[in-house]
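I'd like to talk through some salt bridges today, so let me put the structure up.

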Amino acid sequence: MAMGTRKRRQRQEQLWVTHTELVTGPGHPFYKRLSQLLDGEKFDEFCEQECAKFYADSNGRPSLTPGTYFRLLLVGYFEGIDSERGIAWRVADSLGLRQFLGFGLDEETPDHSTISRTRRLMDVDTHRKVFFWALGLLADRELVKGKTVAIDATTLEANAAMRSIVRRDNGASYDEFLQGLAKESGIQTPTREDLARLDRKRKKKGANKDWVNPHDRDARITKMKDGRTHLAHKAEHAVDLETGAVLAVTLQPADQGDTTTIVETLAEAGENVADLIVREAAEAEPGVNLEGIVEVVGDKGYHSGSALVRMKESGVRTYIPEKKQAGKRHWIGKKDEQQAVYANRQRVSGNYGKSLLRKRGELIERSFAHCYDTGAMRRTHLRGHENILKRQLIHVGAFNLSLIFRSLIGAGTPRELRNRLTVLVFVLERLINTLRDADRKSKALTFPHRVPKLSHHALQLSRCRPSKTRVSPRAARPKRCRLHILMCPRAFA
């Protein structure tokens with residue numbers, strides 16, 4: 001076989017090429033199954049019906065179809081792509097994704113500007129309906145119960161820099177503000193060291209009530225999980241503790257406390273469960289709990305007397321651990337809060353409450369890891385809560401769809417499906433090695449049929465020396481070690 005060279009490969013492309021001569025790919029098995037699921041449930045027809053109000057009947061050029069737009073956002077979750085520009089690049093480079101999206105080899109795939117314009121065209125409610133459509137698929141397969149809900153929040157890094165923040169009152173930048181402070185203190189021409197010295201002595205330097213980013217006014221100054229101070233948003237999930245499905249997702253300002261944002265997230269989760277109950281009320285054996293949300297589980301950040309009273313009035317039992325108090329609490333004029341706090345404390349201390357708290361840490365953190373870490377949405381590339389929430393709803397809806405695929409094929413993403421064969425080979429290899437080691441140990445522990453004879457001198461050496469302390473006559477007898485007992489012929493008589 002002769003070696004090919006780069007120079008020999010250089011040739012002029014043909015002017016006309018028939019489509020039968022074009023190179024085609026077999027398609028990805030994961031996206032084939034996903035396309036079968038979406039086509040079987042008439043996903044594109046549903047999207048076109050919900051988005052018809054945003055388009056004209058016959059004017060203008062054909063746009064990106066609504067079903068294709070939402071499929072592109074699904075690709076962002078399954079491929080772990082954080083930006084719309086990255087999604088456009090990935091789709092243009094993959095024959096399997098072309099087949100999943102319905103683009104022929106002679107068609108141009110949409111670029112990031114087309115995806116961005118389509119997102120701005122559709123409102124948040126339409127994206128929320130698509131999220132509920134995916135939730136309905138889980139309910140049809142009994143993957144949603146809606147009885148016990150766990151709520152937790154995490155921070156998303158905003159697409160804005162701290163160096164760009166300005167004052168809310170006069171619009172001055174951070175450097176201009178420090179220079180004004182220096183002039184007020186008597187320094188007419190301050191240096192960088194002078195400004196740093198003035199800034200070091202100030203308290204509450206990054207208060208959100210004083211500073212804002214002009215490019216993303218919804219971002220708030222907060223401390224991230226790794227300890228950095230950054231502009232961020234707060235994402236809150238309501239997860240079904242029986243199946244792991246996300247019932248609701250909200251986007252809140254990062255400076256809002258958990259006791260404030262839990263009300264909106266719980267209300268949205270209750271509305272979704274109520275809609276699922278109406279949807280399945282006609283069935284003989286509905287999978288969703290007909291009583292709605294009964295139990296709510298949270299961490300210590302959600303514990304407060306007023307929040308517990310509001311959830312008690314809505315008919316929900318709480319399992320929220322209590323923060324450690326420095327002193328005794330005063331309940332004068334707070335009888336309702338006292339009863340709610342004591343009842344919650346009693347429920348948390350029980351075995352059932354402890355099991356719910358363990359399950360909360362497992363399922364809530366799993367949804368955060370899949371959506372924001374491996375799903376690559378920990379740092380947002382969009383600005384404004386409305387734009388971020390649109391992408392987030394479809395992102396979390398794709399996570400709910402992955403629960404269906406884990407029950408069908410044992411994998412929730414294309415990468416996980418690709419690694420299944422490697423994991424299977426690894427497990428089989430470990431199993432064979434374990435059985436082989438167990439067989440060797442069993443042969444080594446088997447006692448031989450004939451016991452070798454030892455001399456009288458060896459038997460005397462195997463005896464243990466008597467203790468010199470004063471003990472009872474029976475305990476003072478010389479004890480024999482295990483070697484002597486095993487080798488003694490009388491032991492096998």
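Let me start with a question: are Asp152 and Arg360 buried or exposed? Both of them are buried. Keep in mind this is a predicted model. These two side chains meet in a salt bridge, at 3.2 Å from N to O. And the pair links distant parts of the chain: Asp152 sits in strand 1, residues 148-157, while Arg360 is in helix 14, residues 351-373, and they're 208 residues apart.

Okay, next pair. Arg167 makes a salt bridge with Asp169, with 3.5 Å between the closest N and O atoms. What about accessibility here? Arg167 comes out at 15% relative accessibility, so we call it buried, since the cut-off is under 20%. Asp169 has a relative accessible area of 57%, so that one goes down as exposed, the cut-off there being over 50%.

Asp175 is partly exposed at 38% relative accessible area, and Arg192, at 58% relative accessibility, counts as exposed.

Which residues are linked in a network of salt bridges? That would be Glu157, Asp226, Arg228 and Arg379.

And for the overall tally, the structure holds 24 salt bridges. Okay, that's me done, over to you.

Definitions and conventions: Residues numbered from 1 in each chain as written. Predicted model: local features only at pLDDT ≥ 70, side-chain atom pairs only at ≥ 80, totals over all residues. Heavy atoms only, no water. Salt bridge = Lys/Arg side-chain N within 4 Å of Asp/Glu carboxyl O. Helix = DSSP H or I, 4+ residues; strand = E, 2+ residues; numbered from the N terminus. Buried < 20%, exposed > 50% of the residue type's maximum accessible area, 1.4 Å probe, protein only.
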